[in-house]
Amino acid sequence: MLGSSGSRTLAGSIQVVPHCCCILVAIHDSEFIEDSLYRYSFCITSELELRPRFVVIIMEVLRDQMTALLEQGLYDSAEILGGFLMSAPSNSDLAPSTRAENMVLLADALYGRKEYRRALNLYRQAVQQCRVTPKQTVSGGRSSVQATSRPPSVNSLHASTINENEVKYKIGLCHLAVHDTRAALSEMEGIPPKARNLKINLTLAKLYRSTGYDRAATAAYKECLRISPYVLEAVIALAELGVAAKELHTLLPQVQPKSIRSPVDPFEPVRWFQRLADGHCSVYGHNYKEALEHFNYLGQKFPNNVHVLLETAKAEAAMGRNDEAVHNFEKARQADQYNLSSMDEYAMLLRTRSNQVELNRLVHDLLNIDPARPEVWVASAVYWELRDDKVRALTYTDKAMRIDERLTSAHLVKGNLSLSLNRSEVAVMAFRKAQSLRTDLRAYQGLVRAHLANSKHKEALCAAREAMKAMPHSAKALTLVGDVYAQNSEGRDKGRKFYESALRQEPGYLGAVLSLADLHGAEGRNDEAIALLQRYLKTWADDSLHTKLAQILAASNKLGESLSHYQTALSINPLNEAAKKGLERLEKQMKGVDPDALDEEEDNEGEDADADAEEGEFL
């Protein structure tokens, strides 16, 4: 009933103001309300003594609802609600641990909204609050009945469950988000080793690796596999860091559940996992033939697996099997048309084949999928390099590196572009950066070309020897050393020996064949060069071999035979630019026209007009 003052009277002893009753009704828990009112009837007789209890309820409701919003990913609503939670008048009466938990909830909402610096500030305040020792309340001479029937305080109703190490981890993530890697590493290292779970160890391993602490990174990745042997990114990272396959096997699943054991081959479910590790170890050991054996095995077990298809394609590209590599890249795109991983490598492969149409289509698709990925901008840079707009291509490589400065392909493309723009010093720095990120033969090849462009023969030879030392079983590395020696007449004999050694190691490596043919031609032994190329053409019908043979035949004034081989090269690969230019030159030569007397201005004007038209369609 209502009293004379306008308030409702319950049982004639407790007066509840209408405002507080509204709060209770909003909680939608009638049993909780009745129980609370019953317990309060023993000790509370005034409106002022009842109010803290309702404040407790409101704070609890706000925390629960904010937690629910965060779980649903509704960060905007959680951030607004968290603002009310933090600005409540009773917030100053909370225990430090409870205030810290409120701060963490609001910081989580801000992190979800990508307001990393605001979140970082709140996380730090939360850690400080955790370290504040709350003052102990000294109880008076009340009876046990009075003590147990007292209303729970704002602090006692909600016991804090904040984990200080988890908050430190979130602080590290905020530092990473604002590109402060050193601060992130320092924060993560402050977490005791025994308190580091899987995600903390994995993040710490990546931080160690990005800052050059490879030994610490290796230890952290191994710890990840001890916690869960199915963390594949740790397996791949350890292979890249040079951990032997046998050592990796000890960290992988060893015993399978009884429910999946096969009487035919009890180790089969474990074997495919080991073969995956072996494949990656072979790749980063530059043993691509062995890597292909492992990935082909996996491809039979898991047809159309995107990861296996991409790794197979990259291994084939490294071996010079470009047609097979393109086929597997296309299979990977058909299996998942929205995949962006390794599409930068696919774009670079299309660039070597001068396939502008396919490259245009690829870049168009990638831009429509996710322009925030660095692979997209590397592919765009490669496309514009092929279109001979090198300045624009450079801006795209810079954009890719702003997104991910550790993307090796971005530095490789930047080095090649800088070299073509006669910026050899910039090219050297770009190739050195690519080399520091991953042992890649293309980085060494770029370094050699950049040093030779600066007439630094000694530095070029050192870079080539570094490649040979890093990849002792690589025919390409041996050929690279031979290329440096072949630049000077005094070193051509050594160059020939390296080419022959490369062919003994890998008889099918056509790069060494082409370089050896060039060396014969430079020394005036065209007949030997022609015989060498014709011998290999009996086994490999390759357009580059036909093109090289056509060039040497033209230099030997055998124009008819040269014409035949240029035509054959273009029938195999219509996009072979060297064959196209050689054929045009040969036709002018056969007509008695000086092939060097080209109307360059007219050609450039036509090309620019076409480029403007295609650019509009592309963008």
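Which residues does Leu362 touch, not counting residues up to four places away in sequence? Leu362 touches Arg333, Met343, Tyr346, Ala347 and Leu350, where contact means heavy atoms within 4.5 Å. This is a predicted model, in which local features need pLDDT of at least 70 and side-chain atom pairs count only at pLDDT 80 or more, while totals for chains, interfaces and linings use all residues. Residues are numbered from 1 along each chain as its sequence is written, and side-chain values use heavy atoms, with hydrogens and water left out.

**Nonpolar cores**

- Leu359 and Leu362 are the residues with the most contacts inside the largest nonpolar core, which has 60 residues; such a core is a set of buried Ala, Val, Leu, Ile, Met, Phe, Trp, Tyr and Cys residues joined through side-chain atoms within 4.5 Å.
- Helix H21, covering residues 374-386, gives the most to this core, with 9 residues; helices here are DSSP runs (H or I, at least four residues), numbered from the N terminus.
- A second, separate core has 30 residues, and among them are Ala184, Ala205, Cys224 and Val235.

- Leu106 lies in helix H5, which spans residues 96-112, and Leu106 is buried at a relative accessible area of 9%; buried means under 20% relative accessible area, exposed means over 50%, and partly exposed lies in between (1.4 Å probe, protein chains only).
- Leaving aside neighbours within four places in sequence, Leu106 is in contact with Met66, Glu79, Gly82, Gly83, Met86 and Leu122.
- Leu106 and Leu122 stand 16 residues apart along the chain, and their C-alpha atoms are separated by 7.7 Å.

**Positive phi values**

- Most residues other than glycine have a negative phi.
- Asn304, in the loop between helix H16 (288-301) and helix H17 (306-318), has a positive phi near 65°, and Asn304 is exposed, with a relative accessible area of 52%.
- Ser342, in the loop between helix H18 (322-335) and helix H19 (343-352), also is not a glycine and has a positive phi of about 65°, but Ser342 is buried, with a relative accessible area of 12%.

**Cysteines**

- A search of the whole structure finds 0 disulfides, a disulfide being a pair of cysteine sulfur atoms within 2.5 Å.
- Cys281 is buried, with a relative accessible area of 14%, whereas Cys462 counts as partly exposed at 38% relative accessibility.

Key: Helices (H or I, at least four residues) and strands (E, at least two) are DSSP runs, numbered from the N terminus.
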